[in-house]
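Visitor: I am new to this structure and would like to know what stands behind the words used for it. Could we take them one by one?

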Amino acid sequence: MTSRVLAVDLGANSGRVAAVDLDASGPRLNVVHRWPIRPASDPNGCLRWDWDRIVTEAKYGLDLAIASGPVTSIGIDGWGVDYGLIDQEGELVAAPYSYRDRRTQAWSDVADRIGLAHMYGVTGIQPMGINTMFQLAVHNRTELDRARHALMLPDLLTHHLTGFIGTERSNGSTTGLLNAHTGEWSKELLDAISVPCEILPAPVAAGCQAGHWKGIPVHLVGSHDTASAVLGTPGGAQPGTVFVSAGTWVIVGVERAVADTSTRSMRAGFSNEAGAFGGIRFLKNVVGFWLLEQCRQGWDDAPVDILLEEAGAVDENVPTFDAGDERFVSPVNMEKEIRRATGLTADAPRRVIVRSIIESIALGIARVVEELRRIGVAPISRLSLTGGGTRVTMLRQLLSRYVGLPVQVGSAEATVLGNAAAQGISVGAFPSVNSAR
């Protein structure tokens with residue numbers, strides 16, 4: 001039996017459907033469809049996702065892939081924290097909000113009322129305004145009252161294909177509402193934001209079958225894209241390896257057996273997210289190539305390759321900024337925000353801004369590695385870089401310089417490969433997680 005699987009990967013900038021042949025000597029991957037994903041303002045000025053288009057494009061990509069050969073399984077991953085509400089009939093109540101919407105600006109008021117240390121001790125998730133918890137706390141109550149379930153976006157697409165109702169655990173762990181020690185929803189935290197616990201379906205592990213679409217089994221994978229990317233990191237969870245998943249966000253961390261919800265880890269800014277097949281991804285977010293994408297919009301969408309080539313020719317020192325600062329998550333004007341943070345004047349050319357962005361991302365990664373050392377994650381012997389950042393030669397060179405460790409370069413398509421690996425485990429193509437990796 002063939003082991004050709006289809007991976008749907010929803011990114012906050014673009015979506016894609018890829019076919020992966022697990023029978024090949026090395027996984028053979030073909031992206032059959034790709035489309036842009038952008039939030040848009042609703043009549044009230046709130047940012048929401050065009051969910052109808054996401055569903056239509058995903059189905060179109062799946063149809064293209066099915067038309068070109070037999071398919072064993074389908075799996076879906078996507079970004080974390082965002083969700084959609086479905087009603088009693090299983091229909092979408094309204095287009096899902098984007099985590100970049102500014103309605104959660106007062107999130108710290110909710111966090112202070114509950115207690116930051118207490119929240120972290122329960123969930124192991126660093127409080128940020130984008131967290132599902134703070135989104136639900138301010139969600140339109142008319143919509144919330146109509147909802148029977150809140151589904152994370154990859155699970156929502158799985159629901160559209162199969163009728164499945166559930167929360168894949170790795171994505172559920174990004175909400176700031178899942179107890180890191182018990183693996184269950186925290187009724188206490190849900191009560192604190194006046195959201196009924198029943199609205200969140202029970203957490204489910206990756207590997208189970210959610211149903212069928214057009215007769216093809218649909219399996220749960222690590223539905224949080226970072227969980228899939230880490231599963232797709234070369235070599236697996238080798239001791240001393242720091243994973244760096246570099247895309248819209250840059251995620252830096254290590255794999256651990258259990259959560260660390262200590263005060264030390266909280267103060268250092270680390271989160272504990274569930275792995276696709278158990279374990280914990282102990283990590284920290286650095287704002288990544290979102291910085292460049294947002295600047296490009298003001299530069300007539302200049303090609304990335306040209307921008308990087310220009311930046312590579314800059315031989316003077318450039319000012320840098322803290323790429324982990326929340327100010328860069330959803331500024332009104334990214335270029336102006338970077339100029340303010342760096343002191344660059346209005347006449348500083350774009351090549352200097354791009355160089356500052358890449359340098360700042362590399363320095364942000366280096367800072368996280370040093371923080372891991374300070375809180376006792378040792379020894380660290382190498383970085384394993386995956387995601388779109390693998391294509392940026394300048395980033396690889398700067399990482400070697402700033403971190404002082406070997407940089408193992410994995411696949412730009414690590415998320416798709418991790419998604420496919422999870423499906424391979426589900427259908428018996430691989431006997432274990434380690435063999436799949």
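Guide: Contact here means heavy atoms within 4.5 Å, and the model we are looking at is a predicted one. In that sense the buried residues of α15 pack against β13 (241-246), α12, α14, β17 (382-386) and β18 (407-409).

Visitor: Which residues of helix α15 are the buried ones, and what makes them lie on the same side?

Guide: In helix α15 (residues 393-403) the buried residues are Met394, Leu395, Leu398, Leu399 and Val403. They cover an arc of only 130° around the axis, and therefore they sit on the same side of α15. The face turned away from that buried side carries the exposed residues Gln397 and Arg401.

Visitor: Why are α12 and α14 called roughly perpendicular?

Guide: Helix α12 (residues 304-312) and helix α14 (residues 350-374) pack at an angle of about 90°, their axes being 8 Å apart. Angles of 65 to 115 degrees count as roughly perpendicular, and the two helices are therefore described in that way.

Visitor: Why is Cys197 called buried, and why does Cys208 count as partly exposed?

Guide: Buried means under 20% relative accessible area, and Cys197, with 19%, is therefore buried. Partly exposed covers what lies between that limit and 50%, so Cys208, at 27% relative accessibility, counts as partly exposed.

Definitions and conventions:
Residues are numbered from 1 along each chain as its sequence is written. This is a predicted model: local features need pLDDT of at least 70, side-chain atom pairs count only at pLDDT 80 or more; totals for chains, interfaces and linings use all residues. Side-chain values use heavy atoms; hydrogens and water are left out. Axes are lines fitted to C-alpha atoms, for helices over the stretch in contact, and angles run from 0 to 180 degrees between N-to-C directions. Helices (H or I, at least four residues) and strands (E, at least two) are DSSP runs, numbered from the N terminus. Angles under 35 degrees count as roughly parallel, over 145 as roughly antiparallel, 65 to 115 as roughly perpendicular and the rest as oblique. Buried means under 20% relative accessible area, exposed over 50%, partly exposed in between (1.4 Å probe, protein chains only). The arc is that of the directions from the helix axis to the C-beta atoms.
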